[in-house]
Amino acid sequence: MIFKVFYQELPGEVPVRERTQSLYVEADSEKEVRNKLYDRKYNINIEFIHPLDDAHLKYEKQSEHFSLETV
């Protein structure tokens, strides 16, 4: 399953929608996503992890920013 992870890059700042970044990770569960991203600098700034169904994934793949993370 593919998950979309929303996060903030700067740990000391209050989350602001305009600065929210996202990445896509393949994993079996949300817990596995968190474990895979544990060593990343933004792991404490994860706002939300959203599992993508087939229709949503198809839509996301149309974006020029879609890139599946290898973790």
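Asparagine 45 sits in the loop between helix 1 (30-36) and strand 3; helices (H or I, at least four residues) and strands (E, at least two) are DSSP runs, numbered from the N terminus. At 10% relative accessibility, asparagine 45 counts as buried. The cut-offs here are under 20% relative accessible area for buried and over 50% for exposed, with partly exposed in between (1.4 Å probe, protein chains only). Setting aside neighbours within four places in sequence, asparagine 45 is in contact with Phe6, Tyr7, Gln8, Glu9, Leu10 and Pro11, where contact means heavy atoms within 4.5 Å.

Some ground rules before going on. This is a predicted model, so to speak of local features takes a pLDDT of at least 70, side-chain atom pairs count only at pLDDT 80 or more, and totals for chains, interfaces and linings use all residues. Residues are numbered from 1 along each chain as its sequence is written, and side-chain values use heavy atoms, with hydrogens and water left out.

**The overall build**

The chain has two helices and four strands, and from the N terminus on the elements run β-β-α-β-α-β. Its radius of gyration is 12 Å, close to the 11 Å that the globule rule gives for 71 residues, so the chain is as compact as a globular protein of that length. For the record, that radius is taken over C-alpha atoms, and the globule rule is 2.2 Å times the number of residues to the power 0.38. Along the principal axes, the C-alpha trace spans about 35 × 25 × 15 Å.

Of the 71 residues, 27% count as buried. If you take the contacts with a separation of 6 or more, residues 24 or more positions apart account for 59% of them. The chain exposes about 5300 Å², and carbon and sulfur atoms supply 49% of that; the areas come from the Shrake-Rupley method with a 1.4 Å probe, and for residues only the protein chains shown count as cover.

The four strands form an open sheet in the order 3-1-2-4, with mixed pairing. Two strands pair if DSSP finds at least two bridges between them. Strand 3 and strand 4 (68-69) are the edge strands, each pairing on one side only. Strand 1 and strand 2 pair in the antiparallel sense over six bridges, while strand 2 and strand 4 run parallel and are joined by two bridges.

**The core**

Phe3 and Val25 turn up again in the largest nonpolar core, which has 11 residues: Phe3, Val5, Tyr7, Leu23, Val25, Ala27, Val33, Leu37, Tyr42, Ile46 and Ile49. A nonpolar core is a set of buried Ala, Val, Leu, Ile, Met, Phe, Trp, Tyr and Cys residues joined through side-chain atoms within 4.5 Å. The elements that give two or more residues to this core are strand 1 (2-7), strand 2 (21-26) and strand 3 (46-51). Strand 1 provides the largest share, three residues.

Isoleucine 49 is one of the core members. Not counting residues up to four places away in sequence, isoleucine 49 touches Phe3, Lys4, Val5, Glu30, Val33 and Arg34.

**An aromatic pair and its surroundings**

Rings of Phe, Tyr and Trp (its six-membered ring) pair if their centres lie within 6.5 Å; planes under 30 degrees apart count as stacked, over 60 as edge-to-face and the rest as tilted. By this rule the count comes to two aromatic pairs. In one of them, the rings of tyrosine 24 and phenylalanine 66 have centres 4.6 Å apart and planes at 45 degrees, so the pair is tilted. It links distant parts of the chain: tyrosine 24 is in strand 2, and phenylalanine 66, 42 residues away, is in the loop between helix 2 (54-61) and strand 4.

| Residue | Relative accessible area | Class |
|---|---|---|
| Tyrosine 24 | 4% | buried |
| Glutamate 60 | 7% | buried |
| Phenylalanine 66 | 22% | partly exposed |
| Lysine 36 | 26% | partly exposed |

Lysine 36 lies in helix 1. Beyond its neighbours within four places in sequence, lysine 36 is in contact with Val25, Glu26, Ala27 and Val71.
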